[in-house]
Amino acid sequence: MITCFIVDDEPIARRGLREYITREGDIKILAECENIIELRMRLLEMSPDIIFLDIEMPYASGMDWLSTANTSSLVILTTAYEQYALRSYDFNVADYLLKPIPYARFSKAIAKARKMLQKDIETEGVDYMLVKVTQTKKHKILFRDITYIEARQNYCDIHHRDDTSLLVRTTIYSILEQLPSDMFCQVHRSFIVNKTRITSMDSNRINIGGVSIPVSRTYKEKLL
């Protein structure tokens, strides 16, 4: 499941994007924001795969935010104004959609985003994944060697059984989709664990070797 934010001050525009997203079937809306202030607050809580971003909004424009943003999320601009198109590519946006947005054009942008989201982490076969560490290098990690994964804002720290870790630019939602569900389980908004590596558990924490990991109420029942 791909996760997203919708950022637009117009209710009709938000509703239109919401309808298109529902048609796609594999995209979950985590938040809808009416301005950049709300966007910044939401990004403190979670990091979506995609941000659908309007440009002309009160308080600050989408371009103002892009000029200072430090996010791993893909940005798809949704605007009624053509004049920002050239400048937008300085910020490496995933796509630029002009309102009113035809569904076919929206679907094409989503297809492009799906491919981009698969570049950093690739699941290969049934027992390992390839993780992109530089533009030209990928690291092979066996699923059985992963002990736990910790979300760190716009990155995930993949911990191995040999006490090493690898920091990857991705979200916890994206990486969970790449892992076999019979082996891995999310136990907290910031933690995924390898169930075969759990050594003990109490009411609200589990232990993997010498590491103590919190278990939130939301995920405890599923873990048990």
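Modeller: Ile 50 stands opposite Leu 74, a residue of strand E4. Strands (E, at least two residues) and helices (H or I, at least four) are DSSP runs, numbered from the N terminus. The model is predicted, so local features need pLDDT of at least 70 and side-chain atom pairs count only at pLDDT 80 or more, while totals for chains, interfaces and linings use all residues. Residues are numbered from 1 along each chain as its sequence is written, and side-chain values use heavy atoms, with hydrogens and water left out.

Strands E3 and E4 run parallel and share four bridges. Two strands pair if DSSP finds at least two bridges between them. Phe 52 also has a partner in E4, namely Ile 76. On another strand, Ile 6 is opposite Phe 52 of E3. E1 and E3 are parallel too, joined by four bridges.

Now the whole sheet. It is open, has five strands and reads E2-E1-E3-E4-E5, with parallel pairing. E2 and strand E5 (95–98) are the edge strands, each pairing on one side only. Neighbouring strands here are turned by 20° against each other on average, direction ignored. Such angles come from axes, lines fitted to C-alpha atoms (for helices, over the stretch in contact), and run from 0 to 180 degrees between N-to-C directions.

Helices pack on this sheet. H1 touches E1, E2, E3 and E4, and its direction makes about 165° with that of E2. H2 touches E1, E2 and E3, at about 125° to the direction of E2. Touching, or contact, means heavy atoms within 4.5 Å.

What covers E3? Both of its faces are covered: Ile 50 and Phe 52 are buried on one side, Ile 51 and Leu 53 on the other. Buried means under 20% relative accessible area, exposed means over 50%, and partly exposed lies in between (1.4 Å probe, protein chains only).

Look next at Thr 3. It belongs to strand E1. At 2% relative accessibility, Thr 3 counts as buried. Leaving out residues up to four places away in sequence, Thr 3 touches Lys 28, Leu 30, Ser 47, Pro 48, Asp 49, Ile 50 and Tyr 173.

Next, the nonpolar cores. A core is a set of buried Ala, Val, Leu, Ile, Met, Phe, Trp, Tyr and Cys residues joined through side-chain atoms within 4.5 Å. In soluble globular proteins, nonpolar side chains tend to be buried together. The largest core here has 21 residues, and those touching the most other members are Phe 5, Val 7, Leu 39, Leu 53, Trp 65, Leu 66 and Leu 77. At least two residues of this core come from each of strand E1 (2–7), strand E2 (27–33), helix H2 (36–43), strand E3 (50–53), helix H3 (62–68) and strand E4 (74–79). Beyond four places in sequence, Leu 39 touches Phe 5, Val 7, Cys 33, Ile 51, Leu 53 and Trp 65. Another core lies apart from the largest one; its 18 residues include Ile 2, Leu 17, Leu 74 and Leu 97. Leu 74 is the residue opposite Ile 50.

Phe 52 leads on to the rings. Phe 52 forms one aromatic cluster with Tyr 20, Tyr 103 and Phe 106. Rings of Phe, Tyr and Trp (its six-membered ring) pair if their centres lie within 6.5 Å; planes under 30 degrees apart are stacked, over 60 edge-to-face, and the rest tilted. That rule gives seven aromatic pairs. Tyr 20 and Tyr 103 make an edge-to-face pair, 5.2 Å centre to centre with 65° between the planes. The pair links distant parts of the chain, 83 residues apart: Tyr 20 is in helix H1 (residues 11–24), and Tyr 103 is in helix H5 (residues 103–117). Tyr 20 counts as buried, at 15% relative accessibility. Tyr 103 is partly exposed, with a relative accessible area of 25%.

The charged end of Arg 23 sits over the ring of Tyr 103, 4.4 Å from its centre. The rule here is NZ of Lys or CZ of Arg within 6 Å of the ring centre and within 35 degrees of the ring normal.
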